[in-house]
2 protein chains.
Amino acid sequence: MEPSNQQAAVGVDLGGTHARAAVVTAEGRILTQARARVADDRRPEAVVARIVEVVQEALAQAGLGLEETHGLGVGVAGQVRGASGVVANGPNLGWREVPLADLLEQALGTRPRVVNDLDAIAWGEVRHGAAKGHEEVLVVYAGTGVGGAFVIAGQPHHGANGVAGEIGHVKVRGPEGAACGCGGRGCLEAYLGGKNLSEGLRREALTWPDLMEAAGGQLDGLHPGVVEALFVRGDARALAMWRELGEMFGDVLAHAVTLCNPSLLVLGGTVAEGCPELMRLTRERLSQRASSVSLEALSVVAAQLGDDAGVVGAASLGRMVFESKDGGS
Amino acid sequence: MEPSNQQAAVGVDLGGTHARAAVVTAEGRILTQARARVADDRRPEAVVARIVEVVQEALAQAGLGLEETHGLGVGVAGQVRGASGVVANGPNLGWREVPLADLLEQALGTRPRVVNDLDAIAWGEVRHGAAKGHEEVLVVYAGTGVGGAFVIAGQPHHGANGVAGEIGHVKVRGPEGAACGCGGRGCLEAYLGGKNLSEGLRREALTWPDLMEAAGGQLDGLHPGVVEALFVRGDARALAMWRELGEMFGDVLAHAVTLCNPSLLVLGGTVAEGCPELMRLTRERLSQRASSVSLEALSVVAAQLGDDAGVVGAASLGRMVFESKDGGS
């Protein structure tokens, strides 16, 4: 076994389409990894079987047994009930009340630390990415969905039942607002989440010829980047849409910054990365609407680890549990 | 010295009108206390002199010297810049950038822990009041001003520069909103804070004869409780006013609960205590607008320590600093 393998942990990132596992060093370097599709059969037992496969494949490549690693962490696209590892609600997996930690423990013989995927991503950025060295951090991902996580006093903040940081489900509109995957209405994610945003664009396209044209005449070509391109060309409707969305997102970020007073806000996800003008308007609004003293402490930066943040952070969270059981050795 | 004195700490509660000091046991019991008026001269040096007087008076009654106590904490009605003990902004004292911890250290020979008054109140309720035993708590006071504080993982959460929990300065309206004491516009406190609310009522009274009548015909008799009484009698305008304010307050509480996922929300302050119907509407809105999983974990209770929470909490925070320096003995 190479020296770098000696304290490797395993991280799993489970989304609605794929499960990915990686063997990760204590320094956050990915040694080996494997990926499998889960979209064809999302029943919990099928997904658990896919996770077992990718974990074993990544371990085999690294020449390690699971018992030789320093912990196992899983980040899942859904709300997780604290230390129980139960996925209360995972809209992209179609899951409700799935005891994922129990199922994986039965299948693998090791109990994993199961957290919300954004908690894993945030922890990855804090330990090995954009937020390294910060003690008070808010990480917000605007991608297919919209999620967030806090690091407080240098520790992941999960809250009373594990759903702290769910910024995508802050209500920005009343009961007449857009329907959200969580079952509620008017959530930020119902407007800003890439999936919902693209669906909304398909409806707008019926009365917005320039949008259809910019998407190459294809409904499937409609995504947030198309509006961003129209905005840059000065399209009035794109301007109005981005202004409204930037105000919405900026207001919610401002609430979070005023309430929690982080020193760093890390913004990531495909919508954030693909729409710099939307992010500019969002940050402008944030700077107008957060309390002035909280803004003095705040820097805003882009996420650094990209797609790797989830597995790197999950491995690191798994390692924390392992080391606390092991007396910190 | 009686046994109960042996681990006493001193807590100070500094508002815009009075400074109060108390000698408090490790169990949160007030042994002795003293109070002085600061409203006549709010210059920092004058206020510091009053604080020294009340601290010495409370200590003399207890037969203790400051050097015999287990710490000194001060809660001040203003935004405090973290461990520096600088009051960045204290609207009710008319203070900006006052180095209160330094000034008190010079005057007393002991460096106090200076925090926002709501942080002290929250900590009092957590250690000795309504939130005893809870690890994830949000305390919100709607009184003259509106403030809040978080306890996270069992510890006071101050944030990157000491202003976490400033729920009164979450913006509920745009730049055209009401002016707030913090210099901003559209803050929750500009609508819900007792001082601003009563001022607003004096303007409303010009076109609302029932309000004037309910206040006994006196502008000075206008306070939130008068609207509460009209609401109970079914007055349409009071209904509309309380509904709007309850939605505003409930929305901000819902944002905070969704983001931070506390197990307990403690509501206190004169507006909360004097207006049960407004609080009912607020809680109704909170339960409609926070994320459903965060609501599963949440209980809402009234504050228990009343006016004592500030000195009791400040003493306890002072004690924490003392004991951490002392190696936890």
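# Notebook: helices and single residues in a predicted model

I began with A:Y141, which is found in strand β9 (residues 137-142) of chain A; here helices (H or I, at least four residues) and strands (E, at least two) are DSSP runs, numbered from the N terminus. I note at the outset that this is a predicted model, in which local features need pLDDT of at least 70 and side-chain atom pairs count only at pLDDT 80 or more, while totals for chains, interfaces and linings use all residues. Residues are numbered from 1 along each chain as its sequence is written, chains are lettered from A and ligands numbered from 1 in the order in which they are written, and side-chain values use heavy atoms, with hydrogens and water left out.

**Entry 1: A:Y141**

I then looked along the chain and found A:V266, which is 125 residues away from A:Y141, with 8.3 Å between the two C-alpha atoms. Not counting residues up to four places away in sequence, A:Y141 touches several residues, among them A:L118, A:I121, A:E125, A:G268, A:A303 and A:A309; contact means heavy atoms within 4.5 Å.

**Entry 2: A:R96**

Next I turned to A:R96, which lies in strand β7 of chain A, and which counts as exposed because its relative accessibility is 54%. From C-alpha to C-alpha A:R96 and A:V86 are 9.0 Å apart, and in sequence they are separated by 10 residues. With neighbours within four places in sequence left aside, I list A:V87, A:A88, A:N89, A:G181 and A:C182 as the contacts of A:R96.

**Entry 3: helix α2 of chain A**

Which residues of α2(A) are buried? In this helix, residues 100-108, I found A:L100, A:A101, A:L104 and A:L108 to be buried. They lie on the same side of α2(A), because they cover an arc of only 95° around the axis, the arc being that of the directions from the helix axis to the C-beta atoms. As a reminder to myself, an α-helix has 3.6 residues a turn, so residues three or four places apart point the same way. The cover over the buried residues of α2(A) includes β1 (9-14), α1 (44-62), β4 (72-76), β6 (86-90), β7 (95-99) and β8 (113-116) of chain A. Just after the helix, A:G109 takes a positive phi of about 80°.

I also followed how α1(A) packs against α2(A): the angle is about 55° and the axes are 10 Å apart. Axes are lines fitted to C-alpha atoms, for helices over the stretch in contact, and angles run from 0 to 180 degrees between N-to-C directions. The two helices are therefore oblique to each other; angles under 35 degrees count as roughly parallel, over 145 as roughly antiparallel, 65 to 115 as roughly perpendicular and the rest as oblique. On the α1(A) side the contact is made by A:P44, A:V48, A:I51, A:V52, A:V55 and A:Q56, and on the α2(A) side by A:L100, A:L103, A:L104, A:A107 and A:L108. By class these are 10 nonpolar, one polar and no charged, where Ala, Val, Leu, Ile, Met, Phe, Trp, Tyr, Cys and Pro count as nonpolar, Asp, Glu, Lys and Arg as charged, and the others, Gly among them, as polar.

**Entry 4: α7 and α8 of chain A**

The axes of α7(A) (residues 224-232) and α8(A) (residues 236-260) come within 8 Å and cross at roughly 120°, and the two helices are therefore oblique to each other. Here A:P224, A:V227, A:E228, A:L230 and A:F231 of α7(A) meet A:A238, A:L239, A:M241 and A:W242 of α8(A), a contact with eight nonpolar, no polar and one charged residues.

**Entry 5: chain B**

In α7(B), residues 224-232, I found B:P224, B:V226, B:V227, B:E228, B:L230 and B:F231 to be buried, and their cover includes α5 (194-204), α6 (209-214), α8 (236-260), α9 (270-274) and α10 (276-289) of chain B. B:S198 has its place in helix α5 of chain B, and it counts as buried because its relative accessibility is 11%. Not counting residues up to four places away in sequence, B:S198 touches B:L222, B:H223 and B:P224.

Technical notes. Buried means under 20% relative accessible area, exposed over 50%, partly exposed in between (1.4 Å probe, protein chains only).
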